[in-house]
Protein chains: 2
Amino acid sequence: MAEATPAPRVQARDLEAFIARACEAVGIPAADAAVIGSLMARADVQGSEGHGIFRLPQYIRRIKAGAVNVKPQIRVERDLPGMALVDGDNAMGHLVMSFATKLAIEKAKTAGAAWVGVHHSNHAGPASLYAAMPMEHDMVGLYLAVGNANHLPAWGGIDMLLSTNPIAVAIPAGEEPPIVLDMATTVAAYGKVKTKAQRGETMPEGWMIDRQGRPLTDPKRADEGFLLPIGGYKGYGLALVIGLLAGTLNGAAMGRDVVDFNKDDHSVTNTGHVIVALNVAMFRPLAEFKRAVDELARDIRGSQRLPGVDAIRLPGEGALKARADRIAKGVPVPAPLRESLDRLAAELGIPPLGQ
Amino acid sequence: MAEATPAPRVQARDLEAFIARACEAVGIPAADAAVIGSLMARADVQGSEGHGIFRLPQYIRRIKAGAVNVKPQIRVERDLPGMALVDGDNAMGHLVMSFATKLAIEKAKTAGAAWVGVHHSNHAGPASLYAAMPMEHDMVGLYLAVGNANHLPAWGGIDMLLSTNPIAVAIPAGEEPPIVLDMATTVAAYGKVKTKAQRGETMPEGWMIDRQGRPLTDPKRADEGFLLPIGGYKGYGLALVIGLLAGTLNGAAMGRDVVDFNKDDHSVTNTGHVIVALNVAMFRPLAEFKRAVDELARDIRGSQRLPGVDAIRLPGEGALKARADRIAKGVPVPAPLRESLDRLAAELGIPPLGQ
């Protein structure tokens with residue numbers, strides 16, 4: 001059931017405006033609603049559909065159920081020369097992470113590097129949004145998070161104690177595009193499984209296994225199995241230590257305390273994140289660094305290819321391509337998504353998307 | 001050709017003493033030689049054979065060829081509240097990383113977190129050695145490095161522009177053993193390929209491919225192919241960004257500048273590393289953190305298992321088990337290793353291992 005006709009396109013500014021109106025309708029102050037609209041639309045523009053406006057009905061549902069604080073006092077709870085801890089006061093994750101990332105950037109201006117831990121936050125969209133922000137200040141950004149649903153057991157286990165805990169690293173270049181890695185520690189993110197189910201497609205072997213350890217390829221049966229980590233026990237280890245750094249160290253949820261925010265609209269998630277900003281010029285002259293990144297990017301892109309490979313890509317190229325396309329033509333909004341947003345608009349008594 | 005009889009065992013203190021004598025014989029001051037002996041023996045004791053005394057003949061060869069500085073002035077080149085850059089002055093990596101890790105720990109005592117970059121270093125042994133050091137001060141350690149030989153192409157490519165760039169993260173627990181992840185970003189480390197070749201065994205599919213993209217399973221043909229990254233393009237992305245953080249950002253070798261120290265005894269490597277120390281008590285009360293790590297470790301270890309799985313392991317358990325065995329019985333020294341060390345002793349005019 002692949003889509004027969006291409007999905008209608010909607011301009012990013014219309015997504016932003018719709019998201020902001022919906023947020024305001026449930027009590028979020030206008031300035032905060034605008035930040036959320038801008039960041040969620042940015043996710044759609046860069047092709048992170050699973051983290052953009054698609055999530056809005058769920059976010060609104062959780063806000064209405066009282067699981068998210070719409071009038072938060074986000075604050076710096078601990079502040080030392082090389083680190084800080086941010087208490088998100090259970091705000092929307094986008095607000096908490098904007099706050100924390102600004103803080104990391106400010107601190108790194110004088111400290112050279114700043115590690116900012118976050119707790120009492122919520123789902124904040126794609127990891128790369130925040131990792132990319134320090135680049136505007138010629139800094140490297142590194143982001144870690146505890147995912148908001150456990151779909152990964154320990155290696156050899158079947159109890160889902162871990163999430164797809166993502167890592168994103170964004171590195172500014174000179175003339176070349178920046179290098180932006182944004183990856184889950186599982187072979188497939190759970191959002192991709194949901195997309196396969198929506199489209200009626202099967203999953204390749206290697207994405208999931210069932211409780212007997214057999215490959216699970218029917219995405220409609222995803223509840224009967226679990227995701228596989230990249231590199232087997234290595235990906236399990238990575239997911240675990242990312243969770244310890246972003247969750248346990250910050251006093252945020254990890255392991256059995258993680259709330260499945262896809263299934264539970266009522267519980268506070270206490271989501272944990274980490275954002276690190278590294279001030280490049282404190283390590284080596286900025287122009288020299290950027291030249292070195294450019295050279296490496298060109299060496300890689302120009303390197304010899306395996307038979308049948310059409311191009312060698314660098315992390316972040318897919319998002320750049322999506323951005324160019326969507327800024328020119330708008331963001332695709334497939335019919336089922338449009339319907340769910342129209343329902344949301346009616347329910348909130350706000351004008352629908354694009355109006 | 002698996003070994004018919006178990007390898008003779010040698011006590012760790014004898015390894016230490018032999019390594020130190022060999023280092024002194026090529027001009028390394030006694031205090032430095034003792035540090036190198038202690039760290040290399042620690043690698044063997046924790047089961048990281050590919051990074052212990054096995055490397056000694058190669059290290060000595062490179063020192064004699066003038067590729068490593070035996071009388072270095074390791075120094076702090078840049079020092080800011082949250083970061084520092086260390087110039088290793090082309091010393092043995094063990095000395096540089098001991099220095100850098102001490103610095104990170106000292107800084108994190110007041111800064112809460114410290115990111116220390118390193119350049120002009122050399123191969124320093126297993127990543128976990130340094131990641132584990134902050135734990136003695138109730139800190140979390142994180143280590144990244146550019147590997148000392150490129151065996152990994154970009155995803156889809158065949159030019160080996162990347163190394164197996166490792167990551168190690170060490171997290172102190174309370175009553176449970178610490179969680180210590182130490183992993184290369186390839187499915188197999190190159191040392192494992194060499195071990196397979198030595199033993200006359202074949203490699204499983206998925207470790208390496210040849211220049212046509214076909215599985216390569218004969219480790220004697222390793223030169224005709226390259227390692228595969230974990231999770232395909234994800235592991236490629238990880239290896240790339242680890243190299244950018246540990247190499248490019250610090251002004252150390254990365255990409256085509258990486259010297260293959262297995263094949264080249266003469267060139268200076270300009271190896272780059274990163275060590276981060278995170279002072280747990282600055283994030284949350286230490287006892288509370290340790291209790292949370294203990295609980296998570298117990299939840300994971302006690303979780304339900306897939307059919308046929310005998311135990312669920314946590315990262316670092318293998319090393320702990322090896323350590324217990326080797327402290328009690330000594331480190332196995334197989335005949336070919338013993339022979340190469342005896343040759344080295346004769347060449348340097350020092351008493352052989354164990355005497």
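A crossing of two helices is called right-handed if the near helix is turned clockwise from the far one by less than a right angle, and left-handed if the turn is anticlockwise. In this predicted model, the crossing of helices H1(B) and H2(B) is right-handed.

**Chain A as a whole**

- The secondary structure of chain A consists of eleven helices and twelve strands.
- Chain A has a radius of gyration of 20 Å, which agrees with the value near 20 Å that a compact globule of 355 residues would have.

- Helix H1 of chain B, residues 12-25, packs against helix H2 of chain B, residues 30-45, at an angle of about 140°, and their axes lie 8 Å apart.
- Because angles over 145 degrees count as roughly antiparallel and those from 65 to 115 as roughly perpendicular, H1(B) and H2(B) are oblique to each other.
- On the side of H1(B), the residues that make the contact include B:Leu15, B:Ile19 and B:Cys23, while those of H2(B) include B:Ala33, B:Gly37, B:Met40 and B:Asp44.
- Sorted by class, the contact of H1(B) with H2(B) has 13 nonpolar, two polar and three charged residues.

**The open sheet of chain B**

- Strands of a sheet pair through backbone hydrogen bonds, in either a parallel or an antiparallel sense.
- In chain B, seven strands form an open sheet with mixed pairing, and their order across the sheet is S2-S3-S4-S11-S5-S6-S7.
- The edge strands of this sheet are S2 (75-79) and S7 (179-183) of chain B, each of which pairs on one side only.
- From one strand to the next, the twist averages 15°.
- Within the sheet, strand S5 (residues 139-145) of chain B pairs with strand S11 (residues 271-279) of chain B in the antiparallel sense, over seven bridges.
- B:Ala145 has B:His273 in S11(B) as its bridge partner.

**A hairpin in chain A**

- Strand S2 (residues 75-79) of chain A runs antiparallel to strand S3 (residues 83-87) of chain A, and four bridges join the two.
- S2(A) and S3(A) form a hairpin, with three residues between them.
- The bridge partner of A:Asp79 in S3(A) is A:Ala84.

Conventions. Residues numbered from 1 in each chain as written. Chains lettered and ligands numbered in written order. Predicted model: local features only at pLDDT ≥ 70, side-chain atom pairs only at ≥ 80, totals over all residues. Pairing = 2+ DSSP bridges. Axes fitted to C-alpha atoms, helices over the stretch in contact; angles between N-to-C directions. Parallel < 35°, antiparallel > 145°, perpendicular 65-115°, else oblique. Contact = placed C-beta atoms within 7 Å. Nonpolar A, V, L, I, M, F, W, Y, C, P; charged D, E, K, R; others polar. Rg over C-alpha atoms; globule rule 2.2 N^0.38 Å.
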